[in-house]
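User: I would like to learn how to read helix packing, chain contacts and domains in a model. Can you take me through them with an example?

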Amino acid sequence: MAGISTSSVQAAAAAAQVGAAPNRSLQTPRARGLRERLIEAPLFAAAFVTILTTAGIVAVLLVETLSFFRVVPLRMFLTDTQWTPLFSDKHYGIIVLLSATMLTSVGAMFVALPLGLLAAIFLSEYASPRVHRVIKPVLEILAGIPTVVYGYFALLFVTPALQRMIPQTAVFNGLSASIVMGFMILPLVSSMSEDAMAAVPRSLREGGYSLGATRFEVATRIVVPSALSGIVAAFILAISRAVGETMIVAIAAGQSPTLALSPLVPIETMTAYIVQVSLGDTPHGSLEYQTIFAVGSTLFLMTLLLNIISQRVLRRFREEYQ
Amino acid sequence: MYAGNGARRRVSGRLFQWLCLAATCTGVAVLAVLLIDVLMDGLPTLSWTFLTNFPSRFPAQSGILSALVGSLWLISLTALFAVPTGVAAAVWLEEYERKGRLSRLIELNISNLAGVPSIIYGLLGLGLFVRWMGLGRSLMSGALTMALLVVPVIIINCREALRAVPRSQREAAYALGATRSQVIWHIILPMAIPGTLTGIILSLSRAIGETAPLITIGALTFIAFLPNSPMDAFTALPIQIFNWVSRPQAGFHAVAASGIIVLLVVLLSMNGVAIWFRDRSRRRLQW
């Protein structure tokens, strides 16, 4: 066997040491089996913690959300057009927070999708290995910067810049948060799309070149369409990331739950609302306390759905070229 | 199919290449602008007293000591809970149950957990640790919440490190009669340590910058003492920064920028260590 070569000497030596150490090797096979079982149990328990985490999330959200809906009818939650749980005249229309979340997420996609896709095409089709080695880690840094730092950047750099260009921009607005969020998500889109493009077989590209296509034509008419499902999966995951993003919108988009379509006025996303209530001293068991779990459930369901769709799309594309 | 005006096609190809390059550079440029902006705002107020002072009502006297110490406490406790759990789970998934139905369920669950927004973990921590287990708004609640948040990431990274150990090593040991646990303990883990450490450090550096879950479990933002035990109230770098950013006075914004510099330096040094380990593991794993 070619696999067992000099490298395996080390393994053999270590294994020999195992055998020489306490008389484990003299144990009956049955005792060894029992010992192995005993070792496996805690390892399995650790893996099972992840299942418990999911169960915990669902249980906590469900319990508080159900008590919320015992007071506020589901129909009111879905159809009311005002969100004022912190005022005396209380309304619970999730649509207000939901529309703000949609607005900022869609805005972020306008930045992240085109730039991310073009960057992916550049890295996969044009960049030399050396350029690739430098640019890719730099882009990844964008994804590693804490979101509170982006919030600072959005509020104190991007917003003043926007106000100089569009004077009616408010201090808190969805546009600034969207733009900055888009750059935060860009590396996710570019690296997932690039992975999808890397999985496109070389022969397809070469077929294109042999028919006289230019690099541009190969990239846009062969590589991108062939990698489309991977790219779509990246887009969907990016939307999910934007929907769940908290600090940027909490800092830069404001905390005014209004049903606004303009990106220039203060709004309040689902995540920003949870932050707003958490910062105050909310008594446990109050309806106010339960609203954040009802909003959290909505958020959890949305991101879960998006993640599942993204995984489905991705799995399909993997089958294509194997 | 691709016949037509050659010159025009060449030009549009060139234009497209520039467009792609420009898009890539935009990302890099934004990163540069962000860093320069933070440095310009924060460097003037960054001083030794800033590092050794507690927060204050006056920007000039504000310091980051309690947040820095709180973050170190938080990350150490998180590592204490999350690292053994994550590594053990990765070993189980990679070396024991590779194709069972249960392991497939766990795998699917892990990839879903990795996509759950961090603020949802905050709600879990609030309901489970702060209220139900009665741990209050303590370091313990924060660390347990953070641990649940990073365990899926640690598992994913560690499995990759374990997968990088050549098959031949396992087979050689099995051929000599070693049991599975002996193979794992004496062969696989020693070889996978550098890669595993890289994964662990990168996962923990994510926890250092997380803000939303800590706000949700109710970590305080104005703390003028240092925590002595895991049951004490605490503040952390990102929440302190958030607190300063959300104040209207410009003085606090400058202090926030100084805090961001401290946070980024902590992150940068963690990532530096991780990259150092990765380079080491690459050198060692060349067979």
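**Reading the packing**

Analyst: H4(A) and H7(A) are oblique to each other, a class left over once angles under 35 degrees count as roughly parallel, over 145 as roughly antiparallel and 65 to 115 as roughly perpendicular. This is a predicted model, where local features need pLDDT of at least 70, side-chain atom pairs count only at pLDDT 80 or more, and totals for chains, interfaces and linings use all residues. Residues are numbered from 1 along each chain as its sequence is written, with chains lettered from A and ligands numbered from 1 in the order in which they are written.

User: What describes two packed helices?

Analyst: The angle between their axes and the distance between the axes. Axes are lines fitted to C-alpha atoms, for helices over the stretch in contact, and angles run from 0 to 180 degrees between N-to-C directions. Helices are DSSP runs (H or I, at least four residues), numbered from the N terminus. Here, H4 (residues 94-126) and H7 (residues 174-198), both of chain A, pack at about 40 degrees with axes 5 Å apart.

User: Is the crossing of H4(A) and H7(A) right-handed or left-handed?

Analyst: Right-handed. That means the near helix is turned clockwise from the far one by less than a right angle; anticlockwise gives left-handed. The contact of H4(A) with H7(A) has 22 nonpolar, nine polar and one charged residues. Ala, Val, Leu, Ile, Met, Phe, Trp, Tyr, Cys and Pro count as nonpolar, Asp, Glu, Lys and Arg as charged, and the others, Gly among them, as polar.

User: At what angle do helix H6 of chain A and helix H10 of chain B pack?

Analyst: About 15 degrees, with axes 9 Å apart, for residues 147-165 of chain A and 237-245 of chain B. H6(A) and H10(B) are therefore roughly parallel. Their crossing is left-handed. Val148(A), Gly151(A), Tyr152(A) and Leu155(A) meet Pro238(B), Ile241(B), Phe242(B) and Val245(B).

User: How many residues does the contact take from chain B and chain A?

Analyst: Chain B gives 77 and chain A gives 80. Being in contact means that C-beta atoms, placed from the backbone, lie within 7 Å. On the chain B side, helix H1 (residues 6-42) supplies the largest share, 18 residues.

User: Which domains does the assignment give for chain A?

Analyst: Domain 1 (6-71) and domain 2 (79-320), with bounds from an automatic or database domain assignment. Their centres, taken over C-alpha atoms, are 36 Å apart. Seven residues of domain 1 of chain A touch eight of domain 2.

Key:
Helix = DSSP H or I, 4+ residues; strand = E, 2+ residues; numbered from the N terminus. Contact = placed C-beta atoms within 7 Å.
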